[in-house]
Amino acid sequence: MNNANEYPLLQTVGSPADLRALPEDQLVQLADELRTFLLNSVSRSGGHLAAGLGAVELTIALHYVFDTPEDKLVWDVGHQAYPHKILTGRRERLPSIRKKDGLSAFPNRDESPYDCFGVGHSSTSISAALGMAITASLRKRDTHAVAIIGDGGLTGGMAFEALNHAGVLDANLLVVLNDNEMSISPNVGALNNYLAKLLSSKFYSTVRQGSKQILMRSMPSVWELARRAEEHVKGMVAPGTLFEELGFNYIGPVDGHNLDTLIPTLRNLRDLPGPRFLHVVTRKGKGYLPAEKDPVAYHGVSSFDLTKDHLPKSKPGSPTFTEVFGQWLCDMAAKDSRLLGVTPAMREGSGLVEFSTRFPDRYFDVGIAEQHAVTLAAGQACEGYKPVVAIYSTFLQRAYDQLIHDVALQNLPVLFAIDRAGLVGPDGPTHAGSFDLSFMRCLPNMVIMAPADENECRQMLFTGFQHNGPTAVRYPRGKGPGVAVVSEMAALAIGKGEIRRRGKRIAILSFGTLLAPALEVGEKIDATVVNMRFVKPLDETLILELAKTHEIFVTIEDNAIAGGAGSAVNELLNARQCYVPILNLGLPDQFLEQGSREELLALCGLDSEGIIKRIEQYSLSLESLKPASPRVTVATRGL
């Protein structure tokens with residue numbers, strides 16, 4: 001793949017400094033080689049593809065014009081940053097991306113000095129770049145800060161908060177909107193590119209500023225007329241009035257694949273003072289027809305065959321938890337017209353495609369606006385509807401205030417279907433759902449469920465929908481243990497667990513899909529195994545009964561140990577003065593890097609082998625304490 005004959009120009013670029021040494025007339029060839037390299041690499045390794053293919057020329061132009069890493073490029077989300085990684089010394093390591101001990105899926109400050117800000121969540125780039133621009137000004141440094149944000153990221157309220165702030169500052173900030181979705185492509189052409197070069201030029205800016213000062217001082221009425229005329233002319237060729245009103249010098253839209261336009265426009269903008277906004281239009285999947293036709297399918301891919309015009313079909317088998325949710329949502333919506341589906345730009349990822357087609361009037365995709373999604377659902381619930389918010393665990397973090405203040409405090413019947421809970425794997429710590437049990441468990445009025453299998457997930461969703469208060473069902477990415485899903489829906493008794501295996505001495509309390517390895521362990525060490533089902537409320541009666549007959553408790557969860565389900569059991573036992581030795585197993589107090597879910601579970605000791613090892617170590621440590629602490633021996637017998 002890395003044959004020098006195949007990529008003769010790309011092989012010479014080990015850093016942006018090498019790129020800037022190239023003649024400008026060789027950059028089109030470099031873009032072709034970079035796109036081919038990216039396509040060949042990701043088709044073998046898997047990863048984010050379509051966005052990166054669309055950002056090749058823009059990435060080259062930015063590193064060619066700006067003096068990185070002294071000048072700061074802040075990528076929003078980072079799905080489009082693979083070309084950036086390739087050009088900044090990580091070309092040979094790209095096949096390791098999203099793998100254990102490999103490259104991060106997103107820009108990462110620990111990985112490269114060219115990654116000046118770690119990302120993974122949307123709409124953060126403008127705030128971060130503005131912060132960098134402000135500090136450069138304070139230090140009297142003549143450096144530039146550039147935020148590259150997509151049109152999807154611009155739907156997030158945080159982006160507009162940053163734009164609103166930047167517009168009143170004289171910071172050296174450039175915002176580049178990489179627009180690959182909006183229907184403005186007809187505006188991109190030779191005339192528009194020419195106007196972009198002209199409007200961004202130093203001559204135009206100097207004349208504009210000089211005329212502005214003269215007219216404002218001597219002829220204010222003429223200045224107001226000229227200002228309105230300029231806005232009118234710009235408005236005819238570019239949708240930039242909003243950004244102009246926010247205090248930015250707006251340029252665009254320009255063709256994001258035309259280096260002859262991009263480079264001189266960026267040079268002009270680099271030399272202008274104050275906040276500037278460049279609007280470029282690109283095509284997701286550029287250069288690979290299947291990805292151009294279906295950029296959603298090719299957004300994030302597993303390995304695939306480049307010679308075929310389609311991605312490999314998933315093997316038939318048990319449904320994923322996402323598919324179980326999608327089917328339940330449609331079935332429930334057919335039975336109850338009060339059901340509404342809400343998602344923050346995760347229709348495909350959260351399993352709402354069929355629902356959006358069958359029930360379009362009851363489907364609400366709010367864009368990348370998690371805070372709005374939660375409060376929107378709260379408002380719907382106030383009026384007698386039953387909203388279901390389909391959201392990833394990592395994205396629910398962004399709407400925590402709304403979860404507390406707008407839903408839980410008012411005890412509103414909003415059901416949260418929380419996908420990608422626990423360890424997600426290749427996307428790394430920014431996308432792991434490691435904390436939802438901890439941050440939800442402390443909220444009054446919340447009911448929190450963790451299904452052990454596919455059918456239990458369906459029944460829990462039904463249970464949550466029937467409950468007249470806020471509920472959450474959290475489930476992991478991918479498939480479960482393969483339990484058949486029963487179409488008939490029946491509500492579970494809230495706060496009741498079930499004993500799945502009777503054993504001796506040790507009681508394993510499992511929360512969620514780690515029940516499968518817990519049962520394996522139970523068979524090997526003859527332990528009692530409980531499927532707890534509910535994190536809140538806990539089955540207090542069952543736990544206290546087990547404490548009378550078992551010497552050791554072990555809690556298992558795919559969530560941070562700190563504040564998680566195991567902590568809830570600890571608190572209960574302590575409050576009831578029931579001193580049973582308890583081993584809490586879960587995610588450690590650290591951010592885990594990327595790897596497969598199975599690799600990360602093993603790393604955390606949450607596979608069957610790791611669980612047995614930890615139990616054995618804990619039992620031995622208790623044995624060593626017995627002579628010195630006879631109270632432990634007595635207390636382990638329960639109440």
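**Annotated sites, cores and backbone geometry of the predicted model**

The side chains of Ser122 and Ser123 form a polar contact at 2.9 Å; a polar contact is a pair of N or O atoms within 3.5 Å, where within protein one must be able to donate a hydrogen and the other to accept it, and residues adjacent in sequence count only if both atoms are side-chain atoms. The structure is a predicted model, in which local features need pLDDT of at least 70 and side-chain atom pairs count only at pLDDT 80 or more, whereas totals for chains, interfaces and linings use all residues. Residues are numbered from 1 along each chain as its sequence is written, and side-chain values use heavy atoms, with hydrogens and water left out.

Ser122 is located in the loop between helix H5 (82-90) and helix H6 (125-138), where helices (H or I, at least four residues) and strands (E, at least two) are DSSP runs numbered from the N terminus. Ser122 is classed as buried because its relative accessibility is 6%; buried denotes under 20% relative accessible area, exposed over 50%, and partly exposed the range in between (1.4 Å probe, protein chains only). With residues up to four places away in sequence not counted, Ser122 touches Asp76, Val77, Gly153, Ile368 and Arg398, contact meaning heavy atoms within 4.5 Å. Ser123 lies in the loop between H5 and H6 and has a positive phi of about 75° although it is not a glycine. At 2% relative accessibility, Ser123 is also buried.

The unreviewed UniProt entry assigns the feature "binding site" to His79, Gly120, His121, Ser122, Gly152, Gly153, Asn180, Tyr288 and Glu370. UniProt positions are given in the numbering used here, feature names are shortened, and annotations may be inferred rather than shown by experiment. Beyond residues up to four places away in sequence, Gly153 is in contact with Asp76, Ser122, Ser123, Ala159 and Ile368.

A further "binding site" annotation from the unreviewed UniProt entry covers Asp151 and Asn180. These positions are spread over 30 residues of sequence but cluster in space, the largest C-alpha distance being 7.0 Å. Asp151 occupies the loop between S3 and H7 and is buried, with a relative accessible area of 8%. Asn180 is placed in the loop between strand S4 (173-179) and helix H8 (190-199). The contacts of Asn180, not counting residues up to four places away in sequence, are with Asp151, Thr282 and Lys284.

In H7, the residues Ala159, Ala162, Leu163 and Ala166 are buried. These residues lie on the same side of H7 because they cover an arc of only 100° around the axis, the arc being that of the directions from the helix axis to the C-beta atoms. The buried residues of H7 pack against H6, S3, S4, helix H11 (241-245) and strand S6 (276-281).

The largest nonpolar core comprises 53 residues, of which Ile60 and Leu62 touch the most other members. Its largest share, eight residues, comes from helix H2 (residues 27-45). Apart from this core lies another, of 51 residues, among them Tyr392, Phe416, Leu544 and Phe553. A nonpolar core is a set of buried Ala, Val, Leu, Ile, Met, Phe, Trp, Tyr and Cys residues joined through side-chain atoms within 4.5 Å. Ile60 touches Leu19, Leu27, Leu30, Ala31, Leu34, Leu87 and Leu259, not counting residues up to four places away in sequence. Leu87 is also in contact with Ser15, as is Tyr114, when neighbours of Ser15 within four places in sequence are left aside. Ser15 lies in the segment before helix H1 (16-20) and counts as buried at 18% relative accessibility.

Most residues other than glycine have a negative phi, and most peptide bonds are trans. Lys140, although not a glycine, has a positive phi of about 60°. Lys140 is situated in the loop between H6 and S3 and is exposed, with a relative accessible area of 74%. The peptide bond from Gly252 to Pro253 is cis, with omega near 0°, and Pro253 belongs to strand S5 (residues 249-255). The bond from Lys536 to Pro537 is also cis, with omega near -5°; Pro537 lies in the loop between strand S17 (534-536) and helix H22 (540-549).
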